[in-house]
Amino acid sequence: MSIPRSHPRAASLHIRERLVDGYRRGLVVEEGLLAHGRGEMFDYLIGEKTTRKSHDAIKAAACMLLLAKHPVISVNGNFAALCSKEIVQLAGATGAKIEVNLFYSSEKRKRAIALALKKNGASEVLGLDRQFSQRIPRLDSARRVVDERGIFMADVVLVPLEDGDRTMALKKFGKKVITFDLNPISRTAQTADITIVDNVTRGMEILVKTCKKLKKSRLDRKLKFDNKENLSQSVLVIKNRLGRLAHA
Ligand code: PTJ
């Protein structure tokens, strides 16, 4: 079904279509469709736009990625379906490696995701060759299996649409974690070093532009960013918006 341009929720419906298309192409797992619904709900609550606080988090994330020695972008099914092009652009702008890492792991889906990334220009996609498999300690899910050339040796990892366990395990393993999560109170959001409370479909584009704009040589190595404070402000964005709607 084609979505009429005049439909008041056309933008959101188009994003949903991209995810459904990703499901049909074997990138996204059924549970990913549910995860997207959860995200849509929080997007609705923040007003479906990148807030000032999310812009601050994106700037901090860009600095952290540019200053990293071994940055890695971790890609799951939903992220690949929504942002393959931007993932490749971000890798180009920061020198980050791209690694497929799935919660509901399957070799077939890993290959489909790698193919989608390569079609968008990725020259190398890690996480597929078992010869390089390593394990993140203190993690039971399939996500513990990582690539020794990628997440295993990374200092900074971007892990969007994540489950809380891995964020915690990565932190305990000494990694700096950046995430995109529309839910500011999720365990991932609360555990990461930098949480961008924004839809990846908007936020990734801004993150790529910001990385291209910032000059590495001029970056302040002492990154000042208070994630807890930024998350509190994001919760207040929702509270204040609901307050305004209740009194409209
Ligand atoms: O592809 P796999 O096998 O690795 O599985 C991936 C999913 C997403 C199914 C898995 O990681 C999962 O179950 O995630 P959760 O625990 O549902 O968490 C997803 C989080 O991402 C939730 O807090 C959502 O609010 C948030 N989210 C969903 N869609 C978006 C989003 N955040 C930003 N942008 C979105 N488009």
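A nitrogen atom of the ligand lies 3.1 Å from a backbone N or O atom of Val 200, a polar contact in the sense of a pair of N or O atoms within 3.5 Å. The protein covers 94% of the 740 Å² of accessible area that the ligand has on its own, with areas taken from the Shrake-Rupley method with a 1.4 Å probe.

| Residue (backbone atom) | Ligand atom | Distance |
|---|---|---|
| Phe 103 | oxygen | 2.7 Å |
| Tyr 104 | oxygen | 2.8 Å |
| Val 200 | nitrogen | 3.1 Å |

This is a predicted model, in which local features need pLDDT of at least 70 and side-chain atom pairs count only at pLDDT 80 or more, whereas totals for chains, interfaces and linings use all residues. Residues are numbered from 1 along each chain as its sequence is written, and side-chain values use heavy atoms, with hydrogens and water left out.

Around the ligand there are 22 residues, of which Arg 38, Phe 103, Tyr 104, Arg 109 and Asp 181 come nearest; a residue belongs here if one of its heavy atoms lies within 4 Å of the molecule. By class, this shell holds eight nonpolar, seven polar and seven charged residues, where Asp, Glu, Lys and Arg count as charged and Gly is among the polar. Helix 2 gives the most to the shell, with six residues.

The ligand sits in the largest pocket, meaning that more than half of its atoms lie within 2 Å of the pocket's grid points. A pocket is an open set of points on a 1 Å grid over the protein atoms alone, where a 1.4 Å probe fits, with protein on both sides within 12 Å along at least five of seven lines, and its lining residues have an atom within 4 Å of a point. About 730 Å³ of space lies in this pocket, and of its 33 lining residues the closest to the centre include Ala 35, Arg 38 and Leu 161. Helix 2 supplies the largest share of the lining, nine residues.

Terms used
A polar contact is a pair of N or O atoms within 3.5 Å; within protein, one must be able to donate a hydrogen and the other to accept it, and residues adjacent in sequence count only if both atoms are side-chain atoms. Helices (H or I, at least four residues) and strands (E, at least two) are DSSP runs, numbered from the N terminus. Grid points are joined across faces, edges and corners, and a volume is the space filled by probe spheres set on the points.
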